[in-house]
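Keep the sequence and the 3D view side by side as you read.

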Amino acid sequence: MATSALSGAQHGPRAQAAGLLAAAEGWRARTRAQMNGAWVSLLGFGVLSLAAVPFAWNTYNFGAHGRNLNSYPTFAYAELTGLCVVHEPGTPCLEGEFDGAVLRFLAWGVWFVLLPLAWVVFARWYRLRGEARGVVPRRDLWTRTTLVTTTAVTTALTGLLLGWSASWEKDVLQNTYVSPWYVIGIGLLALGLAEHSWITAAAGVTHAALLTVYLGADWGTGWLPLQQPAHPRWTDGPHFKALLLAAVLLVAASAEWAAAHRRARSGAGTVAA
Amino acid sequence: MSTGDATTVRDGQEEELHPTRSLDDTVHQRVRLGVLAIAREADRVEFGFLKRELGVTDGNLSRHLKVLEESTLITVEKGYAGRRPRTWITLTREGAQALETELRALRELVRRLDGT
């Protein structure tokens with residue numbers, strides 16, 4: 001196998017050192033490329049987000065559909081007891097309000113379990129795939145990156161919330177359907193950083209930002225054009241917003257898939273050169 | 001192999017090129033540098049993966065791994081996947097430091113030579 005280091009040696013120490021540096025960087029890049037699997041998680045979470053769209057009307061607390069539920073526990077209690085908490089707490093629901101449908105409650109609550117579980121499944125697949133290929137991903141890197149990303153996103157959110165003087169303990173810590181979906185944004189950002197994939201990292205940031213914008217409507221920022229329209233059109237409603245979240249992930253998945261294959265090919269070229 | 005070339009670098013310009021003093025023959029050798037660079041990106045890598053990536057023979061790679069293991073820059077663990085024997089290589093803390101030192105020295109060397 002021809003080596004840039006050897007050929008470089010014929011032209012002096014500078015070329016040799018540069019050749020070795022380039023070769024080392026090529027090996028590292030190619031090894032990372034062998035582990036690239038972010039497009040799978042983007043695709044998986046994109047499909048999950050698509051599956052969530054039909055439930056969005058009943059579950060999202062974006063304010064766009066005229067309801068203003070502040071707390072998932074309160075909602076859960078109301079659903080289980082059949083008492084409405086929307087127009088007047090403790091009285092039966094009016095038509096179109098939450099009306100004690102246990103299935104709706106389950107459809108909502110399932111994402112709290114399903115989203116973290118999906119990451120666990122992905123992590124396991126990632127590890128097994130690495131073992132099969134002979135290169136096992138670094139666990140410490142993942143742990144560190146996830147911790148840093150979670151801290152960064154949480155800090156940014158807290159800053160935004162405090163900056164807007166929002167009742168954040170009510171609207172975010174308890175809030176409903178939106179908060180568990182941050183698991184996707186944070187996870188993808190961590191994955192993107194670990195894999196050196198700016199597409200995945202950007203998708204994670206966009207996803208988290210979009211959720212924050214959706215939550216922002218509840219904070220009364222007023223800059224979200226979709227909030228509480230007088231005559232809701234389809235594009236003003238929660239379905240469109242849920243679809244937008246899914247679209248971000250699916251578009252990123254196809255872009256990352258193409259980039260991963262390009263990296264794998266160019267990585268092979270780098271080492272062989 | 002490039003060990004001789006590395007010595008040339010070291011012997012020829014040791015006084016003038018300070019970064020060469022940080023170059024360690026154990027790490028500077030091309031295949032061994034490749035093993036460390038690849039292992040740096042993973043928890044552990046398999047013998048066959050290294051062989052493929054570095055384009056070397058079984059015997060050649062084994063000799064280089066032995067040198068690295070004796071220098072405590074890597075650990076070698078043998079096991080099985082089903083009936084198939086597999087050898088896993090893990091970078092040690094010393095190995096990671098040695099790799100960083102080597103890469104830093106190479107970058108500094110290139111920078112200095114570019115300036116002359």
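This is a predicted model: local features need pLDDT of at least 70, side-chain atom pairs count only at pLDDT 80 or more; totals for chains, interfaces and linings use all residues.

Residues are numbered from 1 along each chain as its sequence is written, and chains are lettered from A and ligands numbered from 1 in the order in which they are written.

Let's start with chain A. It has 10 helices and one strand; here helices (H or I, at least four residues) and strands (E, at least two) are DSSP runs, numbered from the N terminus. Follow chain A along its sequence and you will read the pattern α-α-α-α-α-β-α-α-α-α-α. Of its 273 residues, 38% count as buried, where buried means that 20 or more other C-beta atoms, placed from the backbone, lie within 10 Å of the residue's own. Among the contacts in chain A with a separation of 6 or more, 71% are between residues 24 or more positions apart. Two residues are in contact if their C-beta atoms, placed from the backbone, lie within 7 Å.

Now look at where the chains meet. On this interface, 26 residues of chain B are in contact with 27 residues of chain A. The elements of chain B that give two or more residues to this side are α1 (3-13), α3 (30-40), β1 (44-46), α4 (47-54) and α6 (93-115). Sorted by class, chain B's side has 12 nonpolar, five polar and nine charged residues. In this sorting, Ala, Val, Leu, Ile, Met, Phe, Trp, Tyr, Cys and Pro count as nonpolar, Asp, Glu, Lys and Arg as charged, and the others, Gly among them, as polar.

What is the order of its four strands? The open sheet runs β1(A)-β1(B)-β3(B)-β2(B), with antiparallel pairing; two strands pair if DSSP finds at least two bridges between them. β1 of chain A and β2 of chain B stand at the edges with a single partner strand each, so one side of each is left without a neighbour in the sheet.

You can trace the sheet strand by strand. Two bridges join β1 of chain A (residues 135-136) to β1(B), with Val135(A) opposite Val45(B) and Val136(A) opposite Arg44(B). Another two bridges link β1(B) to β3(B), residues 84-91, and here Glu46(B) has Trp88(B) as its bridge partner. Eight bridges then connect β2(B), residues 74-81, to β3(B). In the hairpin of β2(B) and β3(B), two residues lie between the strands, and Gly82(B) takes a positive phi near 70°.

Finally, turn to the helices of chain B. α3(B) and α5(B), residues 58-70, pack at an angle of about 70° with their axes 10 Å apart; axes are lines fitted to C-alpha atoms, for helices over the stretch in contact, and angles run from 0 to 180 degrees between N-to-C directions. The two helices are therefore roughly perpendicular to each other, a label for angles of 65 to 115 degrees. Where they touch, Val31(B), Arg32(B) and Val35(B) of α3(B) meet His64(B), Leu65(B), Val67(B) and Leu68(B) of α5(B). This contact has five nonpolar, one polar and one charged residues.

Definitions and conventions
Angles under 35 degrees count as roughly parallel, over 145 as roughly antiparallel, 65 to 115 as roughly perpendicular and the rest as oblique. A residue is buried if 20 or more other C-beta atoms lie within 10 Å of its own, exposed if 12 or fewer, and partly exposed in between; C-beta atoms are placed from the backbone.
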